[in-house]
Every structure is written in structure tokens, then in C-alpha cells.
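Please have the sequence and the model in view while I talk, and stop me if you lose your place.

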Amino acid sequence: MKRWKGPPCDIDSWVAFPVLSDEQSQDVELVEVFAAPILDKKETSRIVRELNAFHPLSGLQHVKRVRPCREKPHPLEVLVCLVSDAPRGKVVSVDSLLPSGGVNCNGLGEPFVVKVPARPPLTRPQFELASQHWPTSFHEDKQVTVALRGELFSRHQKERMQAYMASAVTAARAGMEVGMEAVGAAVVDPKTESIIAVGHDCRHDRPLHHAVMVVIDLVARSQGGGFYSFDGYPACRFTSPNSLQTEAGSQPYICTGYDLYVTREPCVMCAMALVHSRIGRVFYGVASANGALGTKFKIHARKDLNHRFEVYRGVLSGECENLHSVDDHIRKDRGE
Amino acid sequence: MGTEEDSKEAPVELFCPSEEEIERWMIRAFDMAKEALESGEVPVGCLMVYKDEVVGKGRNEVNETKNATRHAEMVALDQVLDWCCRRSLDARSVCERTALYVTVEPCIMCAAALRLLNIPVVVYGCRNERFGGCGSVLDVSSADLPQTGTTFKCISGHRAEEAVEMLKTFYKQENPNGEKKHCTSFCFFCFFFH
Ligand SMILES: [Zn+2]
Ligand SMILES: [Zn+2]
């Protein structure tokens, strides 16, 4: 039997990794291109100039036109044209690829097919994979690189993040004790480093009262709105922000600039509720099977929705994992 | 309710409103949308029908609650749950035979909520190009999400142009001085231009 309260968790025991868009996390897609050796190095600049004019390789601006060759008899290789743009024919020669005389083929060897990255790399891992195929340029987003290494947050920030997630975990346990699913959430104002609302799943009373929906309503209550009463649940609480911030209360996007900490990845309903509420960032402990912030969908990264936000997975992951595995046991015992 | 009536009940899998029912309830939904428009509210009409009785209806309550999830469908679903509670009926077995009639395609959040409550059929007017959860942005209605309730059937396009016209009129009304009032996810500006 797992104990509820262990020693305080060490901030080195977990890492927050970014949940990136599909474009940022997909494998490197390749496209076939004819390349040819440059036999006479002195002809290089002329060949490149003439090829750029004749076959501009539009859409492949991220790929370098020429690559150096170390272990080959010729010094360089140049991209000639996309295989899909080449005239069809069984015998491929430089002359057949460059028929109309726009490019003087002096100094070019016989063409061969190479695979080059079809899209510009968006992350360092994508760049490293892409470069194995052909030299590729990369406009690095330093924050993404650091985040992918799990090094985006300072020790102070990690301590704060851990404290916020710990309050979500505590709420989840309180919810579990009154028969709810063990999910907890906290909404935080990162500017003031204060918790605005904390709550837990209440779905056995109200099927749509997932923890995220509960805290969204609690945030609304903290600003004079809100629809439900969670007075029966002492672990569902809110703090009204100080009077300086009341002008923010005049608009319905009340989660603007706030962060959400939730013990497990939200479902589609909750993920879209966070889009509607204009949440700032979302941190979750563990993934869930039908999760919509990384697992089944990436609602936070869709270009076709009017609000996007950063999502990080893994905050206090051990504690969140325990919470949900205990919850699974309880449900199995109940025969659910 | 007599046993005779209960025995006439079709199996849940076959539950689907008839053409005549769709026509009749969509007239009600459009009337609600028109009333909303006339009183300066978001022109979306939404009602939930169980055994020929309206068990839930809603209008957008985002601005007054400051809760951006209070879409008309969420409000109506709450009423259905309350209705079941008052009559001590099992919410699941009522929801499984309840249809939603709404003038605009439900958003991704509302579509997921409808799945979570096992609503089997959604009849709607125009598409929701910005947030639609029944295929326009994401197809939550039929997605493979075994832990997010059950899939539902969509019947779309009923008086679609009229539904769009009402949204357009609403947008014009909301901007008498060229200044935008409370912008909810259902306002025309968000709806078509963001
Ligand atoms: Zn949820
Ligand atoms: Zn909605």
C-alpha cells in the first residue's frame, strides 16, 4: 500500500518538457533531388548562379545548394533540380536535366539522386537529423532548444512550479476522499506568484465538473462572476485578486496571463475550455489516454484556433503518477 | 408513465428524430435565436428534447458569469441534469435518448461535453468555422476517444443561411460606435474574422 505523504519531493526528481506542435515534433520529411558532382572547383560560382536562375528550387530555401565532399574524388556536389521537376526519360544525364542551354554544363559530372529535407527544421533535433541528409540552414528558437533539454526553468521557478502542483495534488486527494476521480488543478498568477484558485474533480456529482472546469469557474468567482457553488467542497477554493486588478474583471477572458497546473493531461472539453478562457500556460503532471494537450490532440498548438499557449508535461510527475495509479486501483475495486 | 409507453421505446442505437420532429424543434430553436437577437444577445438558439419534451434550453451566459465556458449548449446540458435530478431519473438513460437542436454547430468544447453525457444526435443550422467541433475545425463528434463518452450523429445545414444572417446582424448591432463590446467566443467578430 502506497503511503499518502512521503518526504517532500526533490525538484531534481522531475523535468518539465515542452509539448510541441506536430510540425515541431514530427520526423524529418525528405524529398528526392538530382545532385551532380562539381569536377572543377573554379566553375562553382558560375554553376550555382546559372542553376539558381534556371532551377530556383522554390520551397527548398532552407537547403544549401552546394555541399563539400571529403572522401570523394570531386571537391563539391551541387543540387540540380527536384526529381519531380526533371523531364521523364530512362537515361538521366546532366544534358537531359539542363536541356535548353540556360546552364553551361562544363565542370559538372553525371547526376545522381539524393534525399534532402523537404521543410525547414524547427527544432535542434530536427536540424541535426536534417543535416545528416544534406546541409541545411536553421533559424534556431533558443527557448525551444533549452526547453527540449529540460533546462528552461531556473531552480527558483522549479520550486514555485512544484509548490503549485503540490497544491493541485493535495486537492486531488481531498477529492478522492469524497469519491471523485483523483484529479486536481490550480490556477496561478505568475506575476504575483500567487494561487488564484485550486480545485478538484467533482464529476460524481456533476459529470462535466472535471477539475479544469471547476477551477475556471472558481477563477470567475474570484472576479465577481462564476456560476456554480463549490461551497460543499472545502478543497475547492479561490482568492480574490487585490483591487488593483479589478479592471481585468470587466472582460470574460479572465484567465489571460494565468498559468494552470493540473495533475493529468486535460480532455478535449477541458482543453478547449482553456482556449476559450485564454489561459497563459498549462503544466501537467502525467499524460492521459484521451488527453487533448499532446496525446490525442494538440489543441494548444492549432493554427486554426484563435488562442495558442505553451504546454509543459512532467511537473512533479512521480506524485501525479502515484495519484492516478491509486485512483485506478480504487476504481477497479469498485468494479468501474 | 405506463409500461405500455416504455415498451414502445426504441433501442438506444436506433434513436433518431424524424424529419417532422427536426422541422418542428428547429423552428423553436430559431425562434429562440431571434428573441436573443432582438434583446441584443448572441443569436444562438439551443434546446434539448427528451420524449417530445424540452428538458433543457440555453443561451450564451459568458459575459454575466465571466466564465468563458458558459456556452448555450453547456447551459442547456446543466438544465437536463437538473431536470433528471428533480425527477430522480438516471441522467445517462435520459441523455441517451435526448437530441440537441441548435442553430449553430457546437464548438469543440461543447461537442466534447455532449459526448461525455452520451447525447446521441445533434441537429444544427450553420457551420462554426472558428471553433466547430462537429467537423469544421475538429471532428470531436466521431473521433476515436473511448474515454471521452460516446460518438454522436450530426444532422447539419438546417436553415444555415438564416443562422449566419442572424449572427451578422448581431455583429452590426454590437458596434454602434465602431467599438466592440464584450467579445465572447460567439460574437460575430470572433466567429468570422479573428
Ligand atoms: Zn476534462
Ligand atoms: Zn461551445
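This is a predicted model: local features need pLDDT of at least 70, side-chain atom pairs count only at pLDDT 80 or more; totals for chains, interfaces and linings use all residues.

The side chain of D139(B) reaches the side chain of S141(B) in a polar contact of 2.4 Å, and, once neighbours within four places in sequence are left aside, D139(B) is in contact with G133(B) and C134(B). As for its place in the chain, D139(B) sits in the loop between β4 and β5 (153–155) of chain B, and with a relative accessible area of 33% it counts as partly exposed. If you look along the sequence from there, H158(B) is 19 residues away from D139(B), and the two C-alpha atoms are 19 Å apart in space.

Let me now step back to chain B as a whole. Chain B has eight helices and five strands, and, read from the N terminus, its elements follow the order α-α-β-β-α-α-α-β-α-β-β-α-α. Of its 194 residues, 55% count as buried, and when we take contacts in chain B between residues at least 6 apart in sequence, 64% of them join residues at least 24 apart.

S88(B), in the loop between α4 and α5 (91–95) of chain B, has a phi near 50 degrees, a positive value in a residue other than glycine. N118(B), which belongs to the loop between α6 and β4 (121–126) of chain B, also has a positive phi, near 65 degrees, and is likewise not a glycine. Which of these is buried and which is exposed? S88(B) counts as exposed, because its relative accessibility of 67% is over the 50% limit, whereas N118(B) counts as buried, because its 9% is under 20%.

Next comes chain A. Chain A holds nine helices and 11 strands, and buried residues make up 51% of its 336 residues. Among its contacts between residues at least 6 apart in sequence, 67% join residues at least 24 apart.

In soluble globular proteins, nonpolar side chains tend to be buried together. Here the largest nonpolar core contains 106 residues, and those that touch the most other members are L260(A), M269(A), V282(A) and I299(A). Helix α7 (residues 211–222) of chain A supplies the largest share of this core, with nine residues.

Let me turn to charge. Over all chains, the structure holds 32 salt bridges. In one of them, the side chains of E29(A) and R119(A) meet at 2.2 Å, N to O; because E29(A) lies in the loop between α1 (22–25) and β2 (30–38) and R119(A) in the loop between β5 (112–117) and α4 (124–131) of chain A, the pair ties together parts that are 90 residues apart in sequence. In another, R203(A) and E181(A) meet at 3.4 Å, N to O, and this pair ties together parts that are 22 residues apart in sequence.

Finally, how do the two chains meet, and how many residues of each are in contact? The answer is 39 residues of chain B and 34 residues of chain A. Between them the chains bury about 3,100 Å², 64% of it on carbon and sulfur atoms, and in chain B the residues that lose the most area to chain A are K66(B), F131(B) and L138(B), which together account for 19% of what that side buries.

Across this interface there are three salt bridges, one of which joins R206(A) to D78(B), with the closest N and O atoms 3.0 Å apart. The side of chain B that touches chain A divides into 21 nonpolar, 11 polar and seven charged residues. Inside chain B, E61(B) forms a salt bridge with R70(B) at 3.7 Å, and both of these residues are buried. I will end on the network of salt bridges that links R206(A), E61(B), R70(B), D78(B) and D82(B).

Terms used: Residues are numbered from 1 along each chain as its sequence is written. Chains are lettered from A and ligands numbered from 1 in the order in which they are written. Side-chain values use heavy atoms; hydrogens and water are left out. Contact means heavy atoms within 4.5 Å. Buried area is the accessible area (1.4 Å probe) that two parts lose on being put together, summed over both. A salt bridge is a side-chain nitrogen of Lys or Arg within 4 Å of a carboxyl oxygen of Asp or Glu. Ala, Val, Leu, Ile, Met, Phe, Trp, Tyr, Cys and Pro count as nonpolar, Asp, Glu, Lys and Arg as charged, and the others, Gly among them, as polar. A nonpolar core is a set of buried Ala, Val, Leu, Ile, Met, Phe, Trp, Tyr and Cys residues joined through side-chain atoms within 4.5 Å. Buried means under 20% relative accessible area, exposed over 50%, partly exposed in between (1.4 Å probe, protein chains only). Helices (H or I, at least four residues) and strands (E, at least two) are DSSP runs, numbered from the N terminus. A polar contact is a pair of N or O atoms within 3.5 Å; within protein, one must be able to donate a hydrogen and the other to accept it, and residues adjacent in sequence count only if both atoms are side-chain atoms.
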